[in-house]
Amino acid sequence: MPDGESRTAAQQLRAIDDGIARRVETLRAATDYDPGRIALEEFGLACDYWRRSQLAPDDRRSPAAAVRLAVMAIPHLHGHPWPTTELVITAARRFTEMLLRRDGDPGALPQLIKACRDAVDRLATGTPEHTQCARPYAEFLFVCTEYAGLDLLDEPVAAWAWCVRVTAPGDPFLRTAHFTLARYAFRRFQRHGGVDHLDRAIEAARMSRRLGAAHRDDVANGIGDLFLLGRALRLRFDAEQNRDSRRRDEDLDEAIDAFRVVVAGALEDEDREAATIDLCELLLRRFDQSGNSADIDEVIEQYERSRSGRPMLHRSVPDAVMRAMRLKSKHSGDAVDSSLAALASFLRSGGTMNPIQTLRRFGEPYSVVAAERRAHTHPDHELAAEVEAEIARLRAEPGLSERIDLLDDLADALQARMIAVPSDDASDELVAGLEQLVWAIPAADVIHRATHACSLGLALHQRGLRTGSADDQRSALPHLVYGATVAGLETQLRIQAAELAGDATARLEDWVTAAEHFRYAVGLLPRLVPRQLPTPDYFQRLIPMLGLVSKAAAATVRAGDPAAALVLLEQGRGILIGRVVDARDGLTDELRRIAGELAHTPDPHRPGGPSAVDRRRALERAWDEEVARIRAMDGFGDYLMAPSIDDLRPAAAAGPIISIVVSGLGSTALILRASGPVESVPLLRLTPESLQEQVETFFGVLPFAELSAHDIALSAAAQEPLSDVLAWLWDVVASPVLDRVGPVERVWWIATGQLAMLPLHAAARDAHSVLDRVVSSYAPTIKLLAAGRRPAPREPGPSVLVAVPDAPDRPPLPGTVSEATEVMRRFPGTRTLGPASRPQDLLAVIGECGWLHVACHATTRAEYPAASALHVHGGSITASEVMAVGARAGRLAYLSACETALSEGYFADEVIHLGSAFQVAGFRHVIGTLWRVTDGTAAETTRLFYGMVGTDEDRAPFALHHAAQQLRQRYPQLPARWAPYVHVGG
């Protein structure tokens with residue numbers, strides 16, 4: 001330092017020291033105690049010490065003295081805003097510098113913080129003095145927590161919220177303020193809970209991200225914003241797990257989006273790994289909600305990407321990735337998926353494992369391993385031996401009763417043993433283990449507790465079934481009801497819990513309560529149903545729900561309310577096709593736009609970008625918001641809601657609608673008329689077991705019914721079992737129902753479950769038959785029947801013929817030539833699609849024609865009915881594709897192809913087949929078949945039908961009825977010829 005500057009500094013120090021000495025003497029000489037005047041002197045003295053510390057950096061005593069004086073002065077500076085502001089700013093900034101240099105005494109911090117807070121609180125909000133204090137005070141608290149280790153949370157949250165409020169919009173510091181506020185609010189929630197703190201953290205992180213969007217070079221801070229945002233959204237999603245809230249879905253989707261960007265852009269492997277694990281776990285949670293396997297695929301994709309470029313993640317192999325691979329294996333139907341095999345190879349690391357060890361190394365619970373192996377070996381003594389050893393090991397662990405993780409593993413092993421080698425003792429131990437676990441899980445851990453409560457309810461219910469104990473059924477109920485009502489639990493598990501609660505209550509013969517539980521379960525079904533057209537995932541998730549709707553209706557009938565039972569049937573059956581109809585009829589332009597996008601959303605996924613699942617969920621939220629807006633309008637409160645019985649009744653104006661419920665809780669027919677109460681007809685001899693036997697007989701005989709089509713006697717002998725099934729149908733179903741219906745011309749049948757596979761319209765014994773009593777039509781649901789009765793368009797569409805006698809890779813159908821000749825003879829102006837026509841040509845025709853006759857091959861996909869298809873030149877069109885078409889002029893579709901009206905397998909209650917697809921598309925009348933027919937039968941039925949229908953499509957049900965009567969008269973002992981065709985709709 002030059003001599004002149006040294007002298008100047010020395011002179012300044014002497015001047016400051018002289019001033020300090022004078023102020024100290026003044027304070028000592030004060031005789032009257034005036035706190036305000038003394039505080040001003042202390043304030044001046046503190047400022048002198050700050051100035052001295054700046055001139056003499058090695059002086060360690062002056063800053064400490066300044067802090068002590070500030071602490072003493074600030075509380076007494078009432079009415080002096082300027083010195084208060086100056087002292088707060090000076091104290092905060094100077095002590096912040098000291099702490100950063102590791103020179104400050106942390107012991108003085110609590111007093112200084114309190115003094116500063118008190119001073120700030122006394123300043124008028126919004127004044128310049130108040131605003132000036134915001135940033136230095138907040139930064140001071142930041143350093144106190146980050147560098148001095150003080151355990152502060154509430155103070156920094158309030159201080160940084162203050163900074164956010166007073167910082168000018170264009171100030172770059174505003175982003176820092178938002179981000180730091182988000183950090184402290186997030187920590188505040190982690191330490192003490194309170195969703196309001198998470199709300200604040202999320203909003204602040206979102207704002208920080210928006211403010212940083214203009215600074216694209218600030219990659220690290222942008223990633224930090226998103227990481228914090230993703231973590232906060234995930235915690236809020238968990239914290240609100242017992243709330244039915246659209247916000248939970250939005251939080252889940254936004255968190256996934258945030259972690260995707262972090263994974264794609266993180267600069268450090270550690271950050272990328274942590275974000276990948278978060279992302280994979282959240283994708284699996286979303287899969288639990290929606291069942292869309294695209295989320296599983298993305299989890300596996302993240303793992304595959306990590307293997308090639310990020311060895312840290314490759315070594316850790318997150319549990320979420322292992323679970324995804326197991327789920328993909330199950331959904332693909334393969335024992336071991338290729339990706340799963342690759343991971344198994346990695347885990348084995350050159351060693352050998354038996355199947356149990358391999359699955360366990362995948363992180364699979366023993367109970368899952370047991371369930372998967374059960375189909376192959378039962379009892380499974382190999383697994384039981386390993387599980388027994390695991391049970392013994394866990395029970396020997398010290399502190400078992402206090403260790404939830406150990407209790408969890410023990411309950412899992414006990415469940416596996418019960419599956420592998422069932423016994424009364426194993427059942428008792430399982431119940432005891434689950435009870436201990438459920439009560440050990442903290443009440444705040446709602447999802448974990450509810451999951452095991454469902455398991456405990458199931459174990460009690462199953463023990464009650466084994467022993468006949470009513471007490472076990474009663475004990476199961478509170479656990480099942482609790483699980484069913486936890487909104488954040490996987491929807492499928494909630495439905496199963498509610499259904500089991502209904503089962504348990506039904507065994508106690510409390511039908512009113514049982515009906516309530518079943519009704520609750522049915523009310524949850526729409527959560528499993530996408531608004532877009534169906535995927536295989538959706539149908540896989542329906543398998544465990546088989547029979548639920550029928551049980552709900554049966555219990556409601558036994559509770560004395562057949563009208564409510566009918567409404568339940570409508571609510572729980574054909575949900576997906578009902579939504580497709582909703583998406584076409586009576587929608588606003590905005591809903592129609594959303595519905596169109598849902599039906600055609602593309603599926604590619606870009607790393608770091610939104611997937612098709614994200615786009616669909618965003619569209620579904622837009623749909624819900626638009627519907628909520630409409631329902632808020634006067635007179636539209638029930639817009640797109642489930643219909644009431646009064647809404648359904650007009651559909652029966654042309655004749656009774658008969659819905660038949662088949663259930664182990666009691667089968668019944670529900671008769672809806674245009675007026676009067678809904679009638680219930682008990683069908684005491686109709687049980688699921690007896691129906692299964694008749695269906696197996698009927699469809700077991702059909703493949704051999706026409707092996708000798710020209711030998712009537714031989715064919716009659718082969719078809720005798722078919723006639724026996726029709727006689728059983730008459731005795732058990734048709735006769736008691738029609739006796740109650742009385743003399744009417746027409747009826748509509750709505751059959752549930754496997755009954756939909758049998759020809760109710762052909763039920764007959766000896767001289768008694770449905771064909772001689774009524775004209776029969778079928779309907780998938782009452783709602784769809786009513787939707788098909790809209791007024792005909794003013795300009796009728798053209799008639800179109802599609803005949804495919806020689807589709808590629810299919811056996812020839814020479815009879816289609818006869819059908820085509822008959823149609824052209826009756827309707828000379830009919831347009832034909834030639835051999836060069838492609839599937840898209842047929843789809844275009846469906847959208848514009850009035851009458852359509854299709855004669856071709858068809859296939860039915862029991863495991864995925866939306867993929868049932870008509871096979872034409874150049875390819876196929878599926879039921880799903882037909883449903884997506886709007887048949888603007890559609891009046892009559894005659895589907896002369898095999899099984900076009902057959903509902904079968906697990907998904908009969910979704911009533912998706914080619915016939916219902918054409919009705920959903922907009923055709924009022926559809927003719928289809930329940931089974932494969934010969935060329936001769938197809939041609940003969942076509943000739944008789946068109947000979948009577950003329951040009952009036954509304955005569956279609958009568959024309960088909962007449963054709964069946966004529967064929968029965970000609971072939972009385974051959975029901976395979978006169979019973980396969982059905983009329984749908986009308």
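Arg231, Arg234, Asp278 and Glu281 are joined in a network of salt bridges, a salt bridge being a side-chain nitrogen of Lys or Arg within 4 Å of a carboxyl oxygen of Asp or Glu. By this rule the count comes to 37 salt bridges. This is a predicted model, where local features need pLDDT of at least 70, side-chain atom pairs count only at pLDDT 80 or more, and totals for chains, interfaces and linings use all residues. Residues are numbered from 1 along each chain as its sequence is written, and side-chain values use heavy atoms, leaving out hydrogens and water.

- Asp199 forms a salt bridge with Arg236, with 2.8 Å between the closest N and O atoms.
- Asp199 sits in helix H9 (residues 195–212) and Arg236 in helix H10 (residues 219–239), 37 residues apart; helices are DSSP runs of H or I, at least four residues, numbered from the N terminus.
- Arg236 is buried at 3% relative accessible area, while Asp199 is partly exposed at 23% (buried means under 20% relative accessible area, exposed over 50%, partly exposed in between, with a 1.4 Å probe and protein chains only).
- Lys551 and Glu499 meet in another salt bridge, 2.7 Å from N to O.

**A pair within one helix**

- Glu822 and Arg825 form a salt bridge, their closest N and O atoms 2.9 Å apart.
- Because they are three residues apart in helix H37 (residues 815–826), about one helical turn separates Glu822 from Arg825.
- Glu822 is buried at 9% relative accessible area, whereas Arg825 is exposed at 51%.

Methods
Helices (H or I, at least four residues) and strands (E, at least two) are DSSP runs, numbered from the N terminus.
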